[in-house]
Every structure is written in C-alpha cells, then in structure tokens.
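Please open the structure in a viewer and keep the selection panel at hand.

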Amino acid sequence: MMWEVRETKLGAVILPRQPIQCPICGEFLLLHDFRAYYHREIDLRHVDVHLKCPNCGFFATFGLPISEEDFTK
C-alpha cells in the first residue's frame, strides 16, 4: 500500500493512494485523524494515520515513516 502527502487549504494531509476497505463489512474507510511524531534519540519521524469505517465503526492505525521534508509540511 502506498501513501501520499496532499496539500489542502488547511495544510498537508497524508492519505492512501488507493481506497482501503473495512475487513469487517467491506465499506471504504475514511480518514479519522493523523499525528506526526519526531523521536530525537533515534532521529525518526513518523505519522500515525487513523482510518475509521463509517458503517461498523472499525478503527485502524497505520504507522508510517516519513521524510524530514514531509514532516515539516
């Protein structure tokens, strides 16, 4: 699965390039929220992307490493 950073009026958003379906009911998952983190000790930047199913409430978290350039967006 590939992800991309998209610019919006309110700032950058990270989204999957292809829709992700719920493993429970098959509905497409929607972006719930995301959080960016920087770990100084190991110089690691990553984003936790949270997707939620609007039908059954299934909730998924994806941890994605990101570049310094994407982190500053």
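**Stop 1: Salt bridges**

The structure holds four salt bridges, a salt bridge being a side-chain nitrogen of Lys or Arg within 4 Å of a carboxyl oxygen of Asp or Glu. This is a predicted model, in which local features need pLDDT of at least 70 and side-chain atom pairs count only at pLDDT 80 or more, while totals for chains, interfaces and linings use all residues. Residues are numbered from 1 along each chain as its sequence is written, and side-chain values use heavy atoms, with hydrogens and water left out.

Select Glu 4, Arg 6 and Arg 17, which are linked in a network of salt bridges. Within this selection, Arg 6 pairs with Glu 4, and the closest N and O atoms are 2.7 Å apart. Arg 6 has a relative accessibility of 38% and therefore counts as partly exposed; the terms used here are buried for under 20% relative accessible area, exposed for over 50%, and partly exposed in between (1.4 Å probe, protein chains only). Glu 4 is likewise partly exposed, at 24%.

Next select Arg 35 and Asp 33, whose side chains meet in a salt bridge at 3.5 Å, N to O. Arg 35 is partly exposed with a relative accessible area of 45%, and Asp 33 is partly exposed at 21%.

**Stop 2**

Select Asp 43 in the loop between strand E3 (30-39) and strand E4 (44-52). Helices (H or I, at least four residues) and strands (E, at least two) are DSSP runs, numbered from the N terminus. Most residues other than glycine have a negative phi. Asp 43, although not a glycine, has a positive phi of about 50 degrees. With 46% relative accessibility, Asp 43 counts as partly exposed.

Arg 45 is buried, with a relative accessible area of 14%.

Which residue's side chain makes a polar contact with the side chain of Asp 43? Tyr 38 does so, at 3.0 Å. A polar contact is a pair of N or O atoms within 3.5 Å; within protein, one must be able to donate a hydrogen and the other to accept it, and residues adjacent in sequence count only if both atoms are side-chain atoms. Tyr 38 lies in strand E3 and is partly exposed at 34% relative accessibility. Leaving aside neighbours within four places in sequence, Tyr 38 is in contact (heavy atoms within 4.5 Å) with Asp 43, Leu 44, Arg 45 and Phe 71.

**Stop 2: His 46**

Move to His 46 in strand E4, a residue that counts as buried at 15% relative accessibility. The side chain of His 46 makes a polar contact with that of His 39, at 3.1 Å. Apart from residues up to four places away in sequence, His 46 touches Arg 35, Ala 36, Tyr 37, His 39, Leu 64, Pro 65 and Ile 66.

**Stop 3: The nonpolar core**

Select Trp 3, Ile 14, Ile 20, Cys 22, Leu 29, Val 47, Val 49, Leu 51, Cys 53, Leu 64 and Ile 66 to display the largest nonpolar core, 11 residues in all. Such a core is a set of buried Ala, Val, Leu, Ile, Met, Phe, Trp, Tyr and Cys residues joined through side-chain atoms within 4.5 Å. The largest share, three residues, comes from E4. Leu 64 touches Trp 3, Ile 14, Arg 45, His 46, Val 47 and Val 49, not counting residues up to four places away in sequence.

**Stop 4: The aromatic pair**

Rings of Phe, Tyr and Trp (its six-membered ring) pair if their centres lie within 6.5 Å; planes under 30 degrees apart count as stacked, over 60 as edge-to-face and the rest as tilted. By this rule there is one aromatic pair. Trp 3 and Phe 62 form this tilted pair, with 5.3 Å centre to centre and 55 degrees between the planes. Trp 3 lies in strand E1 (residues 3-8) and Phe 62 in strand E5 (residues 59-65), so the pair ties together parts that are 59 residues apart in sequence. Trp 3 is buried at 15%, whereas Phe 62 is partly exposed at 23%.

**Stop 5**

Cys 53 is in no disulfide either, and the nearest cysteine sulfur, that of Cys 25, is 3.5 Å away. Cys 22 is buried at 5%, and Cys 53 is buried at 2%.

How values were computed:
A disulfide is a pair of cysteine sulfur atoms within 2.5 Å.
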